[in-house]
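Hi,

Here is the structure I promised to pass on to you. Have a look at it first, and then read my notes below.

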Amino acid sequence: MYTTSTAILEALHEAGMEYIFANLGSDHSGFLETIAAADAAGERKRFPALVTCPDEMVALSAAHGFALASGRAQAVLVHVECGTQQLGGAIHNAAKGRVPVLILAGLSPATQEGEARGSRNEFIHWLQDVFDQRGIVRGYMRYDNEIRLGANAKQIVNRALQFACSEPQGPAYLVAAREVLEAEVAPVAIDRAEWPTIAPCAVAPESAAQIARLLAEARRPLVVTSYVGRSAAAVAELVKLCARLGVGVLESVPSTMNYPWSDPLHQGVQWNEKRQHPALAEADVILVVGSDVPWIPQINRPSATACIVHIDIDPLKEQMPLWYIHAREIHRADAALALRQINGALDSMRIDAAAVRERTEHYGQRHAEQLAALERAERRPASGSLSAEYLTARVRAAVGERAIVLSEGVTNFGAISSHIGRVRPGTFFTQGAGSLGWNGGAAVGVKLARPDELVVALSGDGCYLFSVPATVHWMARRYRTPFLQIVYNNGGWRAPRFSALGVHPDGHASRAKDLAISFEPPPDYAGIATAAGGALGITVKTADELDGALERALNAVRREGRAAVIDAWLAQG
Ligand SMILES: Cc1ncc(C[n+]2csc(CCOP(=O)(O)OP(=O)(O)O)c2C)c(N)n1
Ligand SMILES: [Mg+2]
């Protein structure tokens with residue numbers, strides 16, 4: 001039997017997908033029958049394997065992590081409108097983070113008297129029939145559509161994947177009624193070679209030369225980036241460009257590893273800190289490449305005379321109602337390609353070696369001062385308690401440079417990004433967005449994609465609870481995706497207090513004892529993971545206990561193949 005469900009599963013397999021992150025329901029009878037039939041015939045490999053995800057937000061976060069770590073689009077299967085709603089904030093993360101995922105959902109059956117196979121036979125089919133299921137997620141999708149016929153289901157799947165995988169990447173959403181998914185159709189063969197994604201955009205050749213000249217002739221040229229590291233090739237081109245010209249690099253709210261932190265041209269990381277960054281203030285030519293928020297102008301801004309050039313795959317930020325950075329030039333281009341073009345233009349340009357030396361020394365001096373400040377901040381606190389900086393520095397030393405680190409540290413975002421010290425492209429990710437609870441599911445997805453690498457999730461305590469940890473750790477055991485998770489336990493949500501004080505620095509909130517942000521009495525975070533997935537759980541309350549805990553945790557992950565959660569109690573403040 002070849003049904004629309006068969007065609008869809010075949011299309012996903014042909015697109016190179018090994019897994020479907022699934023949370024199943026009555027709409028999926030066609031998929032389950034097809035997969036079971038293939039299993040019975042010894043043809044399990046004909047289709048991607050279903051990964052059982054007991055929560056949809058975790059499913060989409062795992063697909064998100066897998067896509068980040070592999071560079072390949074992933075599929076998520078959810079149950080009608082309820083499962084779609086339960087994807088929750090993970091939809092925001094996939095959309096804002098520009099992650100290629102295809103989300104499939106059934107629609108409630110369209111008939112009720114047995115007119116076609118799949119017609120309504122459960123009470124819930126009446127309640128799950130809504131007027132605009134696609135409308136739930138439309139504001140976040142690159143594409144959404146309904147598969148109305150099996151005959152062109154494969155074409156629709158491939159069209160959705162073209163949108164998801166072409167830049168700017170993002171999620172796509174497809175629905176189909178149960179009768180459509182159950183309908184027998186003639187097998188459809190398509191040639192995947194005829195469904196490419198859009199080739200990367202370049203900047204105009206004369207613009208590449210112009211940007212090269214601007215940077216070469218500037219007194220203090222600076223690159224500001226957040227996600228140029230989506231591409232390892234872009235990182236390599238950026239390193240080359242900056243070294244040739246003596247250009248500094250400032251990372252603004254980085255969501256990938258963009259530039260080796262140990263390179264003397266690296267000028268640090270800016271998050272929400274209330275400080276003007278000196279490199280940004282001094283720069284006369286600023287190349288913003290791959291950033292959604294290069295600075296927060298109320299706090300930290302370039303000089304009014306700086307010449308700003310903007311290169312991005314999505315330079316208009318088409319999904320953001322308010323967005324501008326006073327750029328004098330804007331280019332829609334792939335970062336790796338554009339940077340390669342600029343490097344190419346430099347080959348035939350006379351470069352003032354003395355100026356390059358002066359700039360390199362200037363930035364090198366700043367870098368050394370910054371490193372010294374980081375070293376001071378990450379010293380073991382005299383009190384014997386844990387600071388976020390000390391904790392992150394010890395994690396850095398313990399996990400090594402190959403480990404893939406996921407960060408959802410919230411008010412410790414700055415401390416984590418500054419002290420985690422990544423040097424290799426592809427070894428650091430955040431969700432690149434703002435809906436919390438991503439890190440656990442993402443860690444499972446990353447580990448599934450890269451089973452040979454150590455995966456480390458750094459999470460706020462609030463984010464840990466948002467992440468549905470029981471589901472995450474059950475999946476980690478079930479799918480043999482052990483990872484190390486560190487909970488930055490600061491007793492609850494610190495961010496809302498920061499936000500309130502940011503607007504009302506001397507108001508009542510600054511003096512209030514109870515802002516409804518504390519998690520008192522504290523949950524046993526490590527115990528949750530142990531109960532759900534047999535993870536090694538360790539609670540660390542002092543600096544002295546930390547190194548031993550990290551050693552035991554890494555041993556569990558690497559040698560015993562089980563996840564480990566360290567609940568690290570930070571000094572309050
Ligand atoms: C899904 C979701 N709900 C609520 C928020 C608002 N919010 C931003 S930060 C934060 C607290 C996070 O707590 P935790 O992970 O402990 O980090 P901390 O603030 O303590 O650094 C909340 C609730 C959000 N961003 N996403
Ligand atoms: Mg917290």
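(The expected span is 1.5 Å times one less than the number of residues; helices, H or I of at least four residues, and strands, E of at least two, are DSSP runs numbered from the N terminus.)

A quick note on the source: this is a predicted model, where local features need pLDDT of at least 70, side-chain atom pairs count only at pLDDT 80 or more, and totals for chains, interfaces and linings use all residues. Residues are numbered from 1 along each chain as its sequence is written, ligands are numbered from 1 in the order in which they are written, and side-chain values use heavy atoms, with hydrogens and water left out.

Back to helix 22: its buried residues include Leu 546, Leu 550 and Leu 554 (buried means under 20% relative accessible area, with a 1.4 Å probe and protein chains only). Just after helix 22 comes Gly 561, with a positive phi of about 70 degrees.

**The magnesium ion**

What holds ligand 2? The magnesium ion is coordinated by Asp 461 (OD), Asn 490 (OD1) and Gly 492 (O), at 2.0 Å. (Donors are N, O and S atoms within 2.8 Å of the metal, or 3.2 Å for Na, K and Ca; water is not among the atoms, so sites may look incomplete.) Along the chain, the donors follow the spacing D-x28-N-x1-G. Asn 490 and Gly 492 are both buried.

Cheers

Methods. Buried means under 20% relative accessible area, exposed over 50%, partly exposed in between (1.4 Å probe, protein chains only).
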